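Welcome! Take a moment to look over the sequence and turn the model around before reading on.

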Amino acid sequence: MVYSGSAVQIKPTITCEQYLAALKAVIAAKPKVVRTHLWWEYVILALICLAFGLGAQFRATRIPALTAYAAVVLFVVACKPLTRRSQNNYFRRIYAEEQATLNDQVFTVDELGIACGESNGKLTSHYTWGAFVSCIDMADAFLFLLSPNRFVRIPKETLSESDRERIEQWSSRIPRIAAK
């Protein structure tokens with residue numbers, strides 16, 4: 001691949017926090033799937049609610065019903081932070097496994113697209129600007145999404161103002177998503 005003199009070459013590094021922020025931005029940018037429920041799921045939910053409601057009405061079943069209700073509420077409340085913690089630990093393990101590869105990349109950005117390679121020459125790939133489905137403009141980086149799960153991260157701290165402007169101009173046809 002021949003690059004013109006206006007190409008921007010970057011040898012980025014990424015910290016675990018930057019990696020987590022990029023993954024969270026990609027997850028937030030994904031379209032949310034609206035799940036429809038089947039009729040029998042509503043029937044089961046109605047029966048459970050009826051059992052809790054009736055159970056609390058009778059003296060013999062009041063304490064077990066309220067105990068079960070409290071247990072369900074505590075379970076629901078505890079699941080969200082535990083899920084977030086588990087997800088963060090999972091992403092940290094992935095980063096630890098991929099850290100050497102992530103910090104051994106060399107990007108060449110020009111009007112044709114982004115060329116990604118490892119500094120040892122083992123892996124090289126080139127993506128034209130048309131290959132990217134969207135771009136997330138974060139405070140510290142551009143995330144160019146190839147699919148909902150694959151992205152190329154170009155850090156802004158390594159770029160001069162003119163390099164940023166050129167990258168924004170070259171990638172201007174890619175739909176932008178604001179980072180949340």
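## Overall layout

The chain holds 4 helices and 8 strands. Keep in mind that this is a predicted model.

If you count contacts between residues at least 6 apart in sequence, 53% of them join residues at least 24 apart.

## Surface and charge

How much of the chain counts as buried? The share is 30% of the 180 residues. The accessible surface comes to about 12000 Å², and carbon and sulfur atoms account for 63% of that area.

As for charge, the chain carries 21 positive side chains and 15 negative ones. The centres of these two sets lie 15 Å apart.

## The nonpolar cores

In soluble globular proteins, nonpolar side chains tend to be buried together. Here, the largest nonpolar core has 19 residues. Those touching the most other members are Val-109, Ile-114, Phe-132, Phe-144, Val-152 and Ile-154. Two or more residues of this core come from each of the strands β1 (8-10), β2 (105-110), β3 (113-118), β6 (141-145) and β7 (151-155), and from helix α4 (161-170).

There is also a second, separate core, made up of 8 residues. Its members include Ile-14, Tyr-19, Leu-20 and Tyr-95.

Now try locating Lys-122, which sits in the loop between β3 and β4 (124-128). Is Lys-122 buried or exposed? Its relative accessible area is 72%, and residues over 50% count as exposed, so Lys-122 is exposed. From Lys-122 to Ile-177 there are 55 residues in sequence, and their C-alpha atoms are 32 Å apart in space.

Next, look for Cys-49 in helix α2 (residues 39-55). With a relative accessible area of 47%, Cys-49 is partly exposed. Tyr-69 is 20 residues from Cys-49 along the chain, and 9.8 Å separates the C-alpha atoms of the two.

Terms used:
Residues numbered from 1 in each chain as written. Predicted model: local features only at pLDDT ≥ 70, side-chain atom pairs only at ≥ 80, totals over all residues. Heavy atoms only, no water. Buried < 20%, exposed > 50% of the residue type's maximum accessible area, 1.4 Å probe, protein only. Contact = heavy atoms within 4.5 Å. Areas by Shrake-Rupley, 256 points an atom, 1.4 Å probe, with all protein chains shown as cover. Lys, Arg positive; Asp, Glu negative; His and termini not counted. Charge placed at Lys NZ, Arg CZ, Asp CG, Glu CD. Core = buried A, V, L, I, M, F, W, Y, C linked by side-chain atoms within 4.5 Å.
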